[in-house]
Structure formats: C-alpha cells, structure tokens
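Subject: Structure handover

Hello,

Here is the structure you asked about, with the sequence. My notes on it follow below.

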2 protein chains.
Amino acid sequence: MRYLALIAAMLTLPAQAQPTATGDLGLVIERATGSVLLIDQSDRAALARIDGLGDLSHASLVYSPDQRFAYVFGRDGGLTKLDIVTRQIAGRVVQSGNAIGGAISDDGQLVAVSNYDPGGVRVFDAETLEMVADIPTGGKTIGLVDAPGRRFVFTIWDSGETWIADFSGTAPEITKIPDMGRNPYDALITANGRTYITGLFGEDGLTALDLWSDDPQPIRVLPGYGRGQQEMPVYKMPHLEGWADAGSEFVLPAVGHHEVLWIDARTLKETARTQTHGQPVFAMARPDGRHVWVNFAHPLNDTIQVIDTLSKQVIHEFKPGPAVLHMEFTPRGHEVWISVRDANKVMVYDTQSFEKLREIDAESPSGIFFTARAHKTGL
Amino acid sequence: MRYLALIAAMLTLPAQAQPTATGDLGLVIERATGSVLLIDQSDRAALARIDGLGDLSHASLVYSPDQRFAYVFGRDGGLTKLDIVTRQIAGRVVQSGNAIGGAISDDGQLVAVSNYDPGGVRVFDAETLEMVADIPTGGKTIGLVDAPGRRFVFTIWDSGETWIADFSGTAPEITKIPDMGRNPYDALITANGRTYITGLFGEDGLTALDLWSDDPQPIRVLPGYGRGQQEMPVYKMPHLEGWADAGSEFVLPAVGHHEVLWIDARTLKETARTQTHGQPVFAMARPDGRHVWVNFAHPLNDTIQVIDTLSKQVIHEFKPGPAVLHMEFTPRGHEVWISVRDANKVMVYDTQSFEKLREIDAESPSGIFFTARAHKTGL
C-alpha cells in the first residue's frame, strides 16, 4: 500500500514539479555543435540542450500550433521534429542534400521544406514526417513561406518564378507566376499574409505579389535600388525576414549600403532613408513598431543601433559583443534576446531602458525562435 | 525492484500521457453557471470544466506570458487565477463589489482590474494576487487596457478623463487626460499599442489618443456619428474590443444602426459603410484581415454575416443558432469558434469554406479566449 500511495502521489506530481506550459519558451540554434538550447523568457534562463540535429549553419525552425513541437530545418537537408515538453527528438528525416528553410501550414498539419539540391519543395505530414507531396521546381528554391488557406508560396532562383501551392483540396494546386525578376534570393510575406516580396540578386529592386488578387501579377518595388554596380557574394545579402512592419511603413535593410530604407506599406514607395553604422543584416521592429533594432554585416557586426520610427533617427547604439547574429523580441516587446556568436552568449536586454538584464551561455548561438511564432503567419 | 521499475516508468509517462503544451488551448466563459470550459483548438474538443468562479455575466480574462495561468475578471469583483495545466483554481480574491474587466502588463507581472464600485483600478501581483496599487478614480472606470512599457490605460465614465498609469518605475506615475468626451462607455487600444480610442455614450463620436505623443491630446473621431437622437440603454452599445484591423482600415460596429463603418487607420476618417442584417455587436477581422465577421444585437442575434474587406460587400450569411454572443479565431485564422448561448453549444467553422466542423456542448457559453492572446497587446 505504501508503494501504491507513493505511485499515486507521483502521478499527480509532474504537472506541479515540471510545469510544461510552453508559451514563454524558445529555442536557440547552436550552429557549430548541431544542437539547440531550450530557453525560458520569464526566467531568462536556459533549460536544456538537445543534440544531434546535424548541420545547423543557417538553420531555422517553426512551431506546431500547440507550441509543443519544433521543426528544425538544417542546411544538410535534415528535418528534425523536437518535443520541447519531453526535450527529446521526436522524429528526424534527411529529406534532401541541401535545404534552405521551411514553413508550417496555417492548420499546423503540413511542414514544407525548400531545397537547393534537388531543387524544389517537399511537404511532410507534421505528425509523422511522412512525405505527402514532392514538388520539383527545376532550380534552387528560396523564400518559402506559409500563407492563409493551407498554402505555401516559394520562388525559384534559376527561373525567377514564384509558385503558390494550395493544399486546401485533395491534391495540391500549383499556380506559377513568371517574371518575378532575375535571380530572386530571398522573400518574405507580410504579417497578414497578403503581400509576398522577393529580393533580387540579378537586378536592382524587388518584386511584390498581392496574394489577395485572383490573378497575382508581379509589382516592381524600388526599381532603381539594389546592389547596383557592386559585386557582392550572396551571403552578404540582408535577410528579408528582417523586414519590419513599423506601423504604416516597412523598414528594409539596404543592399550593400550603410542605410535602412523606409517604405510606405500601402504604396510600396520609398519614404525615407536612415544612415546606419554598417551594412544592415536584420532590421527588426519591436512588436509595437515604435523602435527598429538593426544589426550589421562583418566586420561591423559587434554593434546594434536602435532607430525611432517617428523621427527616423538613431536614438541608441551599443556593442553587445563580437558577431551579433540575431535578435528576437518577447511577443509584447518588453525585452529582446540577442545572439552574440563569438562571445558564446545570448544576452537579454530591456527594450525601454536598454539595460542588460542577463547573459546566458550558448555555443556559437545564431537564430533565436520564441514559441509565440507558432501563432503568426510567415514566421 | 519491480516497484522501482514501475515508478521509474511512471515518472517518464505523464508528459507523454498528458501533454500540457498550452499553445492551442482556450477557455470559454459559461456565464450562467460561474464555470469555464477548457478547450483544445487542434482536437476541437472540451477538455475540462472548472467551477467556482462566481458571477461570470460579462466576464473576461487574460493569460500569463507562459500561457499557463488565466486571470478571470468576474462581474462581482472576483479575480480568479486559473492554472490550466493542473486545471485548478490557483488563487482567488474578491477585490471590489462590481468590476468590468482587466488587463495584464506586458511583462506579465501585474494584473489590473477596473471597477465600477468603488470606482477605480486595482493592480495585483500576478504571482500572489496581492494588491500592489489602488488607484481610486472617483467614478466608474472602463476601457482598461495594457500598453507597452508596463503601462495601463483606462477611462472614467463620470469625469470623461483617460488616465495612463506607468508602472515602469518604483512608484506608479499617473498622467490624466481630460476632455475625452461625455460619458465614455468602452475603449480599445490598437494592436501595436499606439492608439487608444473611447466610444462615447453622452455625445456623438469617439475620442482617440496617440500614446506615442509626449503629451497626448484628445483627437475627435467621427464627430457627427454615434447614437444620435435615439435613447439606447448602455447594454446595447457595441463592444469596441470588436474593432477590426483589416489591413489599412478599422471596422467599427455602428451604434444603433444596421451597419458597420470603415475608418482609415491613419487618418481615422470614415471611408465607407456596409449595411448589415442588424445592429452589430462585434465586428471581428479574421487574423489576415481579408474578411470581417459580424454578429448582432437581440432579437437578430441568431445570425452572422461575413464581409469581404476589398469589396466591402456581405459575401456570406448564416444562422448558427439562438444568441450568438462571441467569436474567436484561431491565431492564424483558419477556423473560428462561435458561442451560441441558447443552443448551449460552441460551434467551430472553417473560415475558408464556411463549413461547420464541430459542435461542442457548453453551458450558456459567452466569451471565448484562446491562449494566443497572451502574446498580444490590448487583449
């Protein structure tokens, strides 16, 4: 009987002893070691390290709607399903030779991965990781995002086409939009899922699509702006995921220039430029849109600048340390977590006072992903 | 040894057997019975009922950042802290005689309640429910919302003042803005936390504040519009929480008219009106902003209309059943949950096909609150 009482006590314990509410958790990619660090926003702490995820250089991840599972997209084509409640790998497939990110459908049932080699998109059952669709595109496939209505949108570097794959019916329906421009290298979708925008490497400017249109056509954006005459390797191109929706404007890290661009969210016309410390990599709006935080390309990547949305002036500048790779705001914006790769630290700052609140050890940290992303389109 | 093995097995079980990831959960207010129903979006199911919350007519709730705890604001002044992992009441205080909603600070540490009697705002430690501030206002206090920077904003029916309480320092700092208009009855804050808007009962129109301003001043909105010459009881006033941000416009349920109003989000000027089936109560934008779902006041409250944002036309109308009280979209908008009070059902619909997917039994359901609200300002 004693044993039974003990067992009964233990059965009621775990929820108390190890609460697993997942709303304020997150994962940090440790790029050098193929591991991820499970973090807790509220406690400003690392909870656990999970190993065995393969090549995590340039890795990203998405979350299931219940914020229990993460799907990690490795550069080596590995797709790993992590259970952040049990802190274990729940499944893993190596689905291609070279991948470049992924997305999860709005209903959480499909996980899509975009691949360089073989070029295309593969779609997996989020529960089992069984492949449910293979969409070869004939080229390197980039800028894969989810869109409302169980759709994925992605773009082909080689052909300059954007494809919309609609999985709302029994078989996927593909719509192809040609003439998006020469060598699109990355893309984003706005938070409402309406506008898809590709950055171009082969020519100046960007190209937008209005996904609310019955027949979306390419819309040229900033046609006189881009890499210009400079020759730059692709890996220095700024991340378009970093586009910031700052109220009525977007903020765009300029390509090859020490500035960010402000673009009217309705007209997609340029409204202003702000000179910056270096070539911006990410320009991230604080969730309320009042400030934009910018980090920079090597060798100026020890610095962050904060720009005020109203004045468009730099109001704060500081040096967290060597190789600032990524920033992630808490969902309501009161704090920001920053990866400082070569310091092997993640640093937590108050976004109002700019005070440093905590340093957390991490192995070559890069991307930081809070579980709140589960509830957003295009992240 | 057998027992130890059994115990060891059980210790690893619960996380598997009873996953408590909380990202896709929610609570439904059961107004007649003082209970709430814990629901699961992904399973489209009710998981548990929690009783003993007092008078839940016109109740609302907010979530902790980890999406583990809900703070339920009852009409009788009861503030109940629910643990949705253990499915138990974690704390309860009756903090006034008559309350009308609450909010949680952006850092999740403070819970504020606005009271009719005695009129004012009381602020509690989210962990312990100990009162940390008592802010008497001398009148019925309405439209309490959180704002970035550990602030709360609220408005006094009697004096027509809006107060901003800043808790970022050691002692709360109060800023009072007079002349918001006669008898403000409800208010909202925009999703980015910048614009606070009150509806007026004592005169036509609404009043806005730009919280990004160093010295916010009342801005009159739609001064020629409101209840007009009609005498209407307060309980028929539309909910301003239902304001929908549909891309570049807000949608406002008209007061005492069978129509919704479209307002430019930048200028706050009226851009269009759409005639509706009845007097709207909530006009809720699907998270992507493409559709607006509208329910109506008694006796036309068995119907929902869906309006397309581009055409501003009603594109779908249906009758879920008697007394449609509330709607809540899944965070990425693929489904919507609807309370049909007098059918004692919550109904789940696909937002693309409008197909009914599930009916769930509930006792006189009213407000539906998904945990994703934890990550949003003003909800």
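A:Arg273 is partly exposed, at 40% relative accessibility. This is a predicted model, and in it A:Arg273 forms a salt bridge with A:Glu259, with 3.1 Å between the closest N and O atoms. A:Glu259 has a relative accessible area of 8%, so it counts as buried, the cut-off for buried being under 20%.

Chain B has a pair with these residue numbers too: B:Arg273 and B:Glu259 form a salt bridge, and their closest N and O atoms are 3.1 Å apart. B:Arg273 belongs to strand β23 (residues 270-275) of chain B and B:Glu259 to strand β22 (residues 259-264) of chain B, so here again parts 14 residues apart in sequence are tied together. B:Arg273 is partly exposed, with a relative accessible area of 40%, whereas B:Glu259 is buried at 8%.

Salt bridges with shared partners also join A:Lys345, A:Lys356, A:Glu359 and A:Asp361 into one network.

Another pair in chain B is B:Arg122 with B:Asp134, whose side chains meet in a salt bridge at 3.2 Å, N to O. This pair links distant parts of the chain, twelve residues apart: B:Arg122 is in strand β10 (residues 119-125) of chain B and B:Asp134 in strand β11 (residues 131-136) of chain B. B:Arg122 is buried at 18% relative accessibility; B:Asp134 is partly exposed at 39%. Over all chains, a search of the whole structure finds 40 salt bridges.

Now the sheet in chain A. Four strands form an open sheet in the order β8-β9-β10-β11 (chain A), with antiparallel pairing. β8 (98-104) and β11 (131-136) of chain A are at the edges with a single partner strand each, so one side of each has no neighbour in the sheet. From one strand to the next, the twist averages 20°. Strand β10 (residues 119-125) of chain A runs antiparallel to β11(A), and five bridges join the two. Among the residues involved, A:Phe124 has A:Met131 in β11(A) as its bridge partner.

As to confidence, the predictor gives the complex an ipTM of 0.91 and a pTM of 0.92. Chain A averages a pLDDT of 89, and 89% of its residues score at least 70. Residues 1-19 of chain A stay under 50, and the model has 18 contacts for them beyond four places in sequence. Where pLDDT is low, the predicted coordinates should not be read in detail.

Regards

Note on methods. Residues numbered from 1 in each chain as written. Chains lettered and ligands numbered in written order. Predicted model: local features only at pLDDT ≥ 70, side-chain atom pairs only at ≥ 80, totals over all residues. Heavy atoms only, no water. pLDDT = per-residue confidence, 0-100. Contact = heavy atoms within 4.5 Å. Pairing = 2+ DSSP bridges. Axes fitted to C-alpha atoms, helices over the stretch in contact; angles between N-to-C directions. Salt bridge = Lys/Arg side-chain N within 4 Å of Asp/Glu carboxyl O. Buried < 20%, exposed > 50% of the residue type's maximum accessible area, 1.4 Å probe, protein only.
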